[in-house]
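Hello,

Please find the structure below. My notes on it follow, with the cut-offs given where each term comes up.

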Amino acid sequence: MSLPVLQVSNLGKAYRQYHSELNRVASWFGLPTKPANEHWVLRGISFAVASGEAVGIVGQNGAGKSTLLKLITGTQRPTQGNISINGRVAAILELGMGFNPEFTGRQNAYHAAGLMGFQHSDIEGVMPEIEEFAEIGEYFDQPVNTYSSGMQMRVAFAVVTAFRPEILIVDEALSVGDTYFQHKSFNRIREFQQQGTTLLMVSHDPGAIQSLCDRAILLESGMVLKDGNPEEVMDYYNALIAERENSTIRLEQLKDGKTQTISGTQEVLLTDVSLINEKEEKVELVNVGEFLGLCVSAKVRNHVPDLTIGYMIKDRLGLTIFGTNTCLLKFPISNLLPGKEVHIRFWFPANLGPGTYSVTIALHSGETHLIQNYEWRDLALVFEVVNIDKPQFYGVNWLSPTVEEV
């Protein structure tokens, strides 16, 4: 069995304040000194990453995600624990990567690549590719202090990925780029993955985590809360964000082996979910474009001033294909007394590509479940789409195209 390319063992990082500068200096030499104040940002972090694996790091602001990446890349030193790396690391953690604002983009590219350990001749050989990938035109030979944040990101990413690394580490920095460059960057990351590069990335974008990563690690208060399948981890993370006082998060194992996440205050309970066709027959296998009804039933346990019922359709990777709710559709449900049962149907055409899809149901107040989450249930229903009578097509959506000669 091959050794992991990255091994993190009992990693911890604490920021300490001392009674005097003398005490601080003494601590550098291992002399016994007690800090006046100690704040642990990370503690007891352990995980391994195999060669070619893609791992997403997720968590709320302040969970310790960026600090973890800085420890792995060596820009900060751990307070405790060990990090073992087998391979060359390329990382883009902060906007500009320490670019000198007085230097041009080209000069900064030479400098940054040099700090990464490459010879001048090597950098010179890939400089045309860096310039071409960044796509900032004549600005490449202008001082960086004239750049927008998106232009700095273009140059930084082009430099970091000019040579394929064994391990690529990307922080949330890519989010500052424009949509076009984000797509271009993710395409390059996918190319590296196909060639065997290991990926470690921090992102708040569930789509990026679930489409690029084989695995996700959820950090909470500086500790690993969950490590596993990206879809399950993101479902749990979503429930964690929505959690309020008196609400709970439950994990249930389904027959197919998947883990279902259920959260909420339970003031309104989901009692039934089903999919029907136009003949009002329950279905689990549907034709591309078939008109469907999503039937949702709920029971009110406490008085609820307003209730929003929503659904999301996700593909097999857990990526949201479509979502809406009664609030967005201007369908108010209000002043519900204990014991009241609510039954509604959402009708829609299943303009989806062949494959397996799941439905998430949300019962809450207002436009989103972040306001008052009564119940959020992932994998509430699973259905299969097959193509019976449409021309062959590719992708997750059926757009009913036509063609004509002009």
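**Aromatic residues, sheets and cores**

Phe322 is partly exposed, at a relative accessible area of 44% (buried means under 20% relative accessible area, exposed over 50%, partly exposed in between, with a 1.4 Å probe and protein chains only). This is a predicted model, in which local features need pLDDT of at least 70 and side-chain atom pairs count only at pLDDT 80 or more, while totals for chains, interfaces and linings use all residues. Residues are numbered from 1 along each chain as its sequence is written, and side-chain values use heavy atoms, with hydrogens and water left out.

Aromatic pairs come to ten. Rings of Phe, Tyr and Trp (its six-membered ring) pair if their centres lie within 6.5 Å; planes under 30 degrees apart count as stacked, over 60 as edge-to-face and the rest as tilted. Tyr311 and Phe322 make a tilted pair, with 6.2 Å centre to centre and 50° between the planes. Tyr311 belongs to strand S16 (residues 308-314) and Phe322 to strand S17 (residues 320-325), so this pair ties together parts eleven residues apart in sequence. Helices (H or I, at least four residues) and strands (E, at least two) are DSSP runs, numbered from the N terminus.

Tyr311 itself is buried, with a relative accessible area of 4%. The rings of Tyr311 and Phe348 are stacked, because their centres are 5.8 Å apart and their planes are at 25°. That pair links distant parts of the chain, 37 residues apart, with Phe348 in strand S19 (residues 341-349). Phe348 is buried as well, at 10%. Tyr311, Phe322, Phe346 and Phe348 form one aromatic cluster.

Phe133 has charges over its face: Lys184 at 4.6 Å from the ring centre and Arg188 at 3.8 Å. The rule here is that NZ of Lys or CZ of Arg is within 6 Å of the ring centre and within 35 degrees of the ring normal.

Next, the sheets. Two strands pair if DSSP finds at least two bridges between them. S5 pairs with strand S6 (residues 167-170) in the parallel sense over four bridges, and Ala91 stands opposite Ile169 in S6.

Another open sheet has three strands in the order S2-S1-S4, with antiparallel pairing. Strand S2 (37-49) and strand S4 (80-85) each have a single partner strand, so one side of each is left without a neighbour in the sheet. Strand S1 (residues 6-17) pairs with S2 in the antiparallel sense over nine bridges; there, the bridge partner of Tyr15 is His39 in S2.

Which residues touch the most other members of the largest nonpolar core? They are Ile130, Val155, Leu168, Ile189, Leu199 and Met201, out of 48 residues. Helix H5 (residues 149-160) gives the most to this core, with eight residues. A second, separate core of 35 residues includes Val268, Ile333, Ala350 and Leu381. A nonpolar core is a set of buried Ala, Val, Leu, Ile, Met, Phe, Trp, Tyr and Cys residues joined through side-chain atoms within 4.5 Å.

Finally, Ser358 lies in strand S20 (residues 355-365) and counts as buried at 5% relative accessibility. Residues that Ser358 touches (heavy atoms within 4.5 Å) include Glu231, Met312 and Leu381, not counting residues up to four places away in sequence.

Regards
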